[in-house]
Amino acid sequence: MKNNQIKKAMQDIQMSEETKNELWGKIVNKSERQRHFYKKTAIAAAILAILIIPTSVYAASEFGWIWDDVEERNQPLNPYFQQENGYTEAAGFRFNIERAMCDTNVGVVYYYISATDISGKNRNPRDFSSEFHEDSKHWRVDDIVYSLGINDNSTSTCQYDEKNSTSQKAYFYLESEAIEQPDSTNQIKISLNKIEKVYSDGKTEGTALESKTIKIENTTKLPTLTWQLEEKGNLTVIVSPILARIKNDTGKKNSSNENFELVLSDNSSIKDYFDFNQSEVGKDGTLPENCFTSKSKENKQADTIYRYHYLELNKISGIRINGEFYPVKNAERQPD
């Protein structure tokens, strides 16, 4: 096989252009170091290796969570993602957890999941996901549709990965950044519904079937700084690289509205512009750069959660609550 034929064959292999060029360069460099007699053999062996290795291996080695423009600064979290092997089968689909970052400390999770049609009916798994209502036109009576979630957590969001999906295999990004019970995040729930009625306007009615679950094998704990503030009504403040929690350890609903700031080593701070400092918010609703990206209060626990871009903990000098400063030297750091 000639070099140009080999290179053409590589173009048909499903991998990124960068990976193709890198592999091609290695093949050429290796073959140039061989005697002429062995040159063809070296190239053929290299091409054979490429062809027999599943493309998913290359995809796994290049995996990186697709952060949007707002959260692109969170790319330092990518090393926390682990390869997963958990799966379950239901309704003629096989659901695999491909990659996961599951933090059981502050409750931040990102799951990359695939759904494959194993029914032999040549179905596109995307069309049977209840996350995408525009595809309900494909549904018929007795169809079984599915939805992906993190236990019964209502704050999780699911996004279809159109770029990497095929007509037989669909990929989804499933994430939640405010789990109420962080130690219960390591389980994916696949909810199933059987379509009973289809109306002319596209609306449907269905019956819930028994759900399936997949357990995450690898969990992690993001590093944290923790302040115990008994003088503030027994508050616990936990700060991680992307999320902070204020917890009322008494177990009672915290009726107070704390003015919370993260103070950085350069004397700047990340402030709460949602409930405080609103005069600095633009007329069009735009927030200053030194603002938390979101703020939420939990329903079941007396927690307030503050979300922000990735931040190295060594850049934090302390926290400020209602104007009172608490230095980082008073916090417990995990891991030490």
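## A walk through the predicted chain

The accessible surface of the chain comes to about 18800 Å². Carbon and sulfur atoms account for 45% of that surface. The model is predicted. Its chain runs to 336 residues, and 43% of them count as buried. Four helices and 20 strands make up its secondary structure elements. Take the contacts between residues at least 6 apart in sequence: 57% of them join residues at least 24 apart.

Start inside. In soluble globular proteins, nonpolar side chains tend to be buried together. Here the largest nonpolar core has 25 residues. Phe-95, Tyr-111, Tyr-146, Leu-148 and Ile-188 have the most contacts inside it. Six strands each supply at least two residues of this core: strand 3 (93-102), strand 4 (109-117), strand 5 (144-150), strand 6 (157-160), strand 7 (169-176) and strand 8 (187-198). Strand 3 gives the most, with five residues.

Tyr-146 is then in contact with Phe-93, Phe-95, Ala-115, Pro-125, Arg-126, Phe-128, Ser-129, Ser-130, Phe-172, Ile-190, Ser-191 and Leu-192.

Next come the rings. A search of the whole structure finds 18 aromatic pairs. One of them joins Phe-93 and Phe-95, with 6.3 Å centre to centre and 55 degrees between the planes. That pair is tilted. Both Phe-93 and Phe-95 are buried.

Another pair is formed by Phe-260 and Tyr-306, with ring centres 4.8 Å apart.

Trp-65, Trp-67, Phe-81, Tyr-110, Tyr-112, Tyr-171 and Tyr-173 form one aromatic cluster. Two arginines sit over rings. Arg-94 lies over the face of Tyr-87, at 3.7 Å from the ring centre. The charged end of Arg-123 sits over Phe-93, 4.0 Å from the centre of that ring.

Now the cysteines. The structure holds zero disulfides. Cys-102 counts as buried, at 1% relative accessibility. Cys-158 has a relative accessibility of 19%. Is Cys-158 buried or exposed? Buried, because the cut-off is under 20%.

Last, the backbone. Two asparagines have positive phi values. For Asn-122, phi is near 60 degrees. Asn-122 is in the loop between strand 4 and strand 5. Its relative accessible area is 58%, so Asn-122 is exposed. For Asn-267, phi is about 75 degrees, although the residue is not a glycine. Asn-267 is in the loop between strand 14 and strand 15 (269-270). Asn-267 is exposed as well, with a relative accessible area of 72%. Finally, a cis peptide bond joins Gln-334 and Pro-335, with omega about -10 degrees. Pro-335 lies in the segment after strand 20 (332-334).

Methods. Residues numbered from 1 in each chain as written. Predicted model: local features only at pLDDT ≥ 70, side-chain atom pairs only at ≥ 80, totals over all residues. Heavy atoms only, no water. Core = buried A, V, L, I, M, F, W, Y, C linked by side-chain atoms within 4.5 Å. Buried < 20%, exposed > 50% of the residue type's maximum accessible area, 1.4 Å probe, protein only. Contact = heavy atoms within 4.5 Å. Areas by Shrake-Rupley, 256 points an atom, 1.4 Å probe, with all protein chains shown as cover. Phe/Tyr/Trp six-rings, centres within 6.5 Å; stacked < 30°, edge-to-face > 60°. Lys NZ or Arg CZ within 6 Å of the ring centre and 35° of its normal. Disulfide = S-S within 2.5 Å. Lists of a residue's contacts leave out its neighbours within four places in sequence.
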